[in-house]
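Please take a moment with the sequence and the model shown here, and then follow the description from the overall fold down to a single residue.

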Amino acid sequence: MGELLLIRHGETTWSASLRHTSYTDLELTPDGERQARTLAAFLAGRRFVSVLASPRSRALRTAQLAGLTVDGVDEDLSEWNYGEYEGRTTVDIHDDDPHWNIWTDGCPGGESPAQVGERLDRVLARVTPLLDRGTVALVGHAHSLRVLGARWIGLPPSAGGRLRLDTATVSALGQEHGRQVILRWNQPAPPAPGTATDPTPQR
């Protein structure tokens, strides 16, 4: 059985400043493009039976720079819809609601954890049969991929809050003794020689 690779897009101006970004279609920063190119060497030589991406340009551009050929764009891979919290930071939101937690409360005017879980379950239902033929890559976003990782191992969407996911990282889902497991998580590509990298803080 093949692996299910989860690839988070490279840095954008809003991810760098910890602003929640779902439907706002931002381009990668120069650093984000560099991160995505670094992924190309990391993924070189791997064969994929399918590569699916979120429709957002930051995901599609990451796939392109990482040397991946996207054969399907899936709206269900879009980021958690933050509704009224789009473009805001967690610190800013906590000024209004100190107890807010996206993993249990969702977003006003956006999606609840259950709604995000339902659409990531649909993604898993579509791609899991493909794993019998080899490895599948999904290129997407932090919160939605964290939910997908939690659902793969049978946990509720809220468990994604325990799975930190930085920009331009690769995670791998698979099986062990017939059980669905996380094989690797939040793995950055090795930096180019002489290049220092700092992990992206979390929103």
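Helices (H or I, at least four residues) and strands (E, at least two) are taken as DSSP runs and numbered from the N terminus. On that basis the protein has 7 helices and 6 strands, and along the sequence they come in the order β-α-α-β-α-β-α-α-α-β-α-β-β. The radius of gyration of the protein is 16 Å, close to the 17 Å of the globule rule for 203 residues, so the protein is as compact as a globular protein of that length; here the radius is taken over C-alpha atoms, and the rule is 2.2 Å times the number of residues to the power 0.38.

This is a predicted model, in which local features need pLDDT of at least 70 and side-chain atom pairs count only at pLDDT 80 or more, while totals for chains, interfaces and linings use all residues. Residues are numbered from 1 along each chain as its sequence is written, and side-chain values use heavy atoms, with hydrogens and water left out.

Of the 203 residues in the protein, 52% are buried, where buried means under 20% relative accessible area, exposed over 50%, and partly exposed in between (1.4 Å probe, protein chains only). Among contacts (heavy atoms within 4.5 Å) between residues at least 6 apart in sequence, 70% join residues at least 24 apart.

Ala-114 belongs to helix H6, which covers residues 113–127, and it counts as partly exposed because its relative accessibility is 46%. Ala-114 and Val-147 are separated by 33 residues in sequence, and their C-alpha atoms lie 9.9 Å apart in space.
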